[in-house]
Amino acid sequence: RAQDLARRLIGMDGRSYPSYKQLHGTHELGDLAVAIDHVQSDPYAPPSRVCVLVDAEDAALPQDLLETADDRIAVGDFLTRRFAAQLRAAGADRDIRIDEPGQQVLARSSVLLAPDRVEVRFEVALPAAGRRIKGRAAARILTELLPEVARAALFHGEFDAPTRDALRAHVVLLRDQEHLRASLRERGLIAFVGEGAILPRRSGDSDLPLETRLGAVPFAVPESLRAEFALPSGRTVTGMGIPEGVTVIVGGGYHGKSTLLRAVERGVYPHIAGDGREWVLTRPDAVSIRAEDGRAVTGVDISPFITNLPTGTDTRAFSTTNASGSTSQAANLVEAVEAGASALLIDEDTSATNFMIRDERMRRLIPANREPITPFVDRIRPLYEERGVSTVLVAGGSGAFFDVADHVIALDEYVPRDVTAQARALAADDAGAAAAGGPVFAAAVSRVPARGGLGRGEEQGPDAAGRGAQHRGGRGPAGRGAGGSGRGKGPKPARARGLGQIQYGTETIELGAVVQLVDPSQTEAIARALDVLSRELDGETSLAEALDALERRFDAEGLDWLSPHRGHPGRLARPRRHELLAAVGRYRRLKLAD
Ligand code: ADP
Ligand code: MG
């Protein structure tokens, strides 16, 4: 059978490039099948979308490693990395590319583990000489290299002993990590930083660990904050628990404050063994908040922080196309809480000073009724006490937060110390003016977009709502349409541009300041989700409810349904609800229901 496809490809040698389209569909190659779901229109277009399908019985993955959704994420991640490694080993990584994960383990569309089959999705640059088909080269890629790589990467029977152990260890690590994460709340913790963790990265543009021989100082644990977890594997880990409430991280410049906070920020995702942050685990709903001047804001209640603007604007439903540093930080914070954040992570380096604090002298010079901003230092306790939202804050430049802190951690040459008692003593000395009054945060409400409020200002095609992927139900060719895109005449789909931008209609949504977005495939999934939301928002559903529905669907069905294509859904990785809402909130044409 393998010879059939090879013979066809060789027969196409020298023909014009679009003849490759005849290859649409599934080709049986003995113990696996190759499905060509989309053929690029020319050699310079984005590469063709191709899948390998293997029967579950042939892959023979150990059933005890596939018990839960997290298990399947871990196995899918392992197989994706292994497929990528095998491509490199075979020298095929220029012709065939898979969405190789970074340091995080995310649910992604690159490997689908269905009960009956394993399906791997990747892209193939179909070879050309000028605009003519190179049939022999294509035959070698699709019928020799690809099956060889797929067998080595996916057939458990072909794994050597160290690889089998590595697969098991990958699953066991994720089970332990997610168990620890899930226990944080009952232990009253926001985050956990394991003893010996390596937090610094190799460089500003690398997510790889700084090596110890290059000076990385492993994380040490202050005794007063020591926490210990017994994990499902039988392993016990100890580390520093960051408690609920208000925690302030202080220390001299360059002593590692931001590095610690960044690790906690990334700890919402699990990291692979050897990353150094495997045991840095944060509640899944902790959100990093920063100033982001220039962002658009639509109908956000920033009145706990900003009132009486000189323009007379109502800050209970604040909108702007160009927010200032402080208003953008207030909006980011309120949106994080709208999406359900239980903890905020804030670094002085990326904050607007006037949003964070106001000192005594300034309070005397500018009377409160002339200053629209109530600084965060005055709101950090109400936020916790009224709404249960904790804060972890880096503040090396001001002691203003000592009065409101439950815990103060000092970093000294990267070594943390609990200095809560000393900081308290200093705070009591100058007995700060306590703010009195009733509650400042309104009950949790989520904005309700208008019907079509996420529209692109283009006409929606009549069948836009009917489009959706029809996914194959098995390895055979039957379930797989001949590559049709299934797309109606709806508006052009939203598209990610790298990690930090989404092209949505004529608008570009800037996500560069959304720092907990870590993978371009998450951005792509958010782009797809915007298309879904734009069809489903009915003028009555709040954003929080819409996010709940999306998350339920991710839990139940994975990610493939986000794609308008049949078969290969493109490169998708699961985003958090916070980053989804961040994209909606930054869309400049967002319209709310009245
Ligand atoms: P701060 O925010 O306190 O000014 P940073 O977190 O930016 O300090 O860290 C300053 C530098 O020290 C960075 O280059 C960072 O990579 C490095 N660094 C941070 N933590 C460690 C550590 N544990 N071991 C070695 N270097 C570190
Ligand atoms: Mg810093």
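This is a predicted model: local features need pLDDT of at least 70, side-chain atom pairs count only at pLDDT 80 or more; totals for chains, interfaces and linings use all residues.
## Surroundings of ligand 1

Ligand 1 is surrounded by 15 residues, of which the closest are Gly256, Lys257, Ser258, Thr259 and Tyr414. Among the elements of secondary structure, helix 6, covering residues 257–266, gives the most to the shell around ligand 1, contributing three residues. By residue class, the shell around ligand 1 divides into seven nonpolar residues, seven polar residues and one charged residue.

## The chain as a whole

The secondary structure of the chain amounts to 14 helices and 23 strands. Taken along its principal axes, the C-alpha trace spans about 85 × 55 × 40 Å.

Of the 594 residues, 47% count as buried. When contacts between residues at least 6 apart in sequence are considered, 74% of them join residues that are at least 24 apart.

Six strands form an open sheet of mixed pairing, in the order 14-17-18-12-19-20. Its edges are strand 14 (286–289) and strand 20 (415–418), each of which pairs on one side only. From one strand to the next, the twist averages 20°.

At one end of this order, strand 19, made up of residues 407–412, pairs with strand 20 in the antiparallel sense over four bridges. Within this part of the sheet, aspartate 412 has valine 415 in strand 20 as its bridge partner. Towards strand 14, helix 7 (residues 325–338) lies across both strand 14 and strand 17 (343–347), and helix 7 runs at about 170° to strand 14.

The pairing between strand 21 and strand 22, the latter made up of residues 501–504, is antiparallel and extends over three bridges. Alanine 496 has isoleucine 502 of strand 22 as its bridge partner.

Helix 14, covering residues 577–586, is mostly covered, with 10 of its 10 residues buried.

Where in the chain is valine 448 placed? Valine 448 belongs to the loop between helix 11 (420–429) and strand 21. Is valine 448 buried or exposed? Valine 448 counts as buried, because 21 other C-beta atoms lie within 10 Å, where the cut-off for a buried residue is 20 or more. Leaving aside neighbours within four places in sequence, valine 448 is in contact with Glu540, Thr541, Ser542, Leu592 and Ala593. Valine 448 and alanine 529, by comparison, are separated by 81 residues in sequence and by 17 Å in space, C-alpha to C-alpha.

Key:
Residues are numbered from 1 along each chain as its sequence is written. Chains are lettered from A and ligands numbered from 1 in the order in which they are written. A residue is near a molecule or strand if its C-beta atom, placed from the backbone, lies within 6 Å of it. Helices (H or I, at least four residues) and strands (E, at least two) are DSSP runs, numbered from the N terminus. Ala, Val, Leu, Ile, Met, Phe, Trp, Tyr, Cys and Pro count as nonpolar, Asp, Glu, Lys and Arg as charged, and the others, Gly among them, as polar. Two strands pair if DSSP finds at least two bridges between them. Axes are lines fitted to C-alpha atoms, for helices over the stretch in contact, and angles run from 0 to 180 degrees between N-to-C directions. Two residues are in contact if their C-beta atoms, placed from the backbone, lie within 7 Å. A residue is buried if 20 or more other C-beta atoms lie within 10 Å of its own, exposed if 12 or fewer, and partly exposed in between; C-beta atoms are placed from the backbone.
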